Amino acid sequence: MSPELDYIVLYIDLEKYTMKISGRTFVVSGGASGLGRACVLDICKKGGYAAILDMNEELGGALVKELGAEARFFRCDVSDTESIAAAVKGLTAWTHEMGKPLGGIIPAAGVGRPGLILDKNLNPMSLDSMDFVLNINLRGTLDVVRQVLPLLASAPPCGPDSERGIVIMVASAAAFEGQMGQVTYAASKGAVASMTLPMARDLSRFGIRVVTIAPSMFDSAMTAVMSDKVKTGLKKAMEFPVRAGMPEEFSSLVVQAIENVMLNGVVIRLDGATRMPSKL
Ligand SMILES: NC(=O)c1ccc[n+]([C@@H]2O[C@H](COP(=O)([O-])OP(=O)(O)OC[C@H]3O[C@@H](n4cnc5c(N)ncnc54)[C@H](O)[C@@H]3O)[C@@H](O)[C@H]2O)c1
C-alpha cells in the first residue's frame, strides 16, 4: 500500500470512530445561560437535541423558541433531588417521543458566592452560604449525573467502540488556584475535578466517557457582575490571549470532547495559560 493510500484509509477509519452528535439528545443543566447555553446552541447546530434543565424559565423558554423542536426546557433546581427526578421523567418521555436516544450529560449549572472562611471580625463563614454553593455546584452536579445515567446507560451502543455517550462536567481554574474568598467555590470545583477519573472508571463498562473542563474567566452572566477592578486584575494574570474566553470557545471544546472518543478521564484547563495569583 502506498503511503498516500495508507493515509486515506486512516482518515476514513477516524470518521467511523467519531462519536456522532446528530440524532442524539444531550442533557444540559444550566443550559439557559452562558456556557451551558453555548453548548445547547452548538449541539443543535450539529443536528443534536438538547434538554435544558434550568431554573430560569424566561431565558430557557426564549432559547427553546429560538431553536424549535430540537430543544425542550425542563424547569429544574439541581439542588433539589425531587426537582431533578421530575425533569428526568419529562426528558425521558421526550427522548422516547422524538426517537432520539441520549448521547450525553453536561451538568453546567453553577453559582459563585464569594466569602471569607473567617472575616476580620472573627466571624466564620455561614453554613448557609457554604451549603448554597456546595448544593448546586457539587451535590447538584452529582445528582443530575446520577439520575440521568440510567437513561444514558440504556441507550443503544454506537460505532465500532460500542459507545453510549459522555458526561462533561464543568470545574474552574479555582479548582487549582482558588483566590481569597473562593474557599467554598474552590471546594466545589476541586471536587468536580477529582471525581472525573473515578467516574470514568465506574462508567467504562457501559461505554460512557467522562471529561471535565476547567475554564478561567469566560463572558457570562456570572462574570458580568464582577467589578471593573476585579476584571482588570484578572486580566493581569492572563498570558495569551489577554481577554475573557467566549462561551463559543467553551462549547467548541465540548463538541470536540463529545466527538473524540479518546478523550476520557481527564480534566482539561481552558484558560489561555492563566494562573491565578494569591492577590489581584
Ligand atoms: N464564566 C466563567 O468565568 C466560569 C469560569 C469557570 C467555571 N464556570 C462554571 O461554568 C458553569 C456555567 O456558568 P456560567 O458562567 O455560564 O454562568 P451563568 O450564570 O451564565 O449560567 C449558569 C446557569 O445555571 C443556572 N442555575 C443556577 N442555579 C441553578 C440551580 N439551582 N438549578 C438549575 N439551574 C441553575 C442559572 O439559571 C444559569 O442559567 C458554572 O458551573 C460555573 O461555575 C464559569
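1. The expected span of a helix is taken here as 1.5 Å times one less than its number of residues, and helices (H or I, at least four residues) and strands (E, at least two) are DSSP runs, numbered from the N terminus. Helix α2 has 12 residues and reaches 17 Å from its first C-alpha to its last, close to the 16 Å expected at 1.5 Å a residue. It is followed by Gly47, whose phi is positive, near 90°.

2. Some ground rules apply throughout. The model is predicted, so that local features need pLDDT of at least 70 and side-chain atom pairs count only at pLDDT 80 or more, while totals for chains, interfaces and linings use all residues. Residues are numbered from 1 along each chain as its sequence is written.

3. A residue is called buried if 20 or more other C-beta atoms, placed from the backbone, lie within 10 Å of its own. On that criterion α2 is mostly covered, with 10 of its 12 residues buried; among them are Gly34, Arg37 and Asp42.

4. Two strands are said to pair if DSSP finds at least two bridges between them. Seven strands form an open sheet, in the order β3-β2-β1-β4-β5-β6-β7, and the pairing is parallel. The edge strands, each pairing on one side only, are β3 (71–75) and β7 (266–270).

5. Strand β1 (residues 25–29) is joined by five bridges to β4 (residues 102–107), the two running parallel, and Val27 stands opposite Ile105 in β4. Five bridges also join β1 to β2, again in parallel, where the bridge partner of Val28 is Ile52.

6. Strand β2 (residues 49–54) is largely enclosed by the rest of the structure, because six of its six residues are buried. Both of its faces are covered, with Tyr49, Ala51 and Leu53 buried on one side and Ala50, Ile52 and Asp54 buried on the other.

7. Which residues come nearest the ligand? Of the 29 residues around it (C-beta atom, placed from the backbone, within 6 Å), these are Gly30, Ser33, Gly34, Gly110 and Ser220. The elements that give two or more residues to this shell are α2 (34–45), α5 (127–153) and α9 (221–224).

8. As for annotation, an unreviewed UniProt entry places the feature "domain: Ketoreductase" at residues 24–216, and such annotations may be inferred rather than shown by experiment. In the model, that span is 48% helix and 19% strand, and its end C-alpha atoms lie 29 Å apart.
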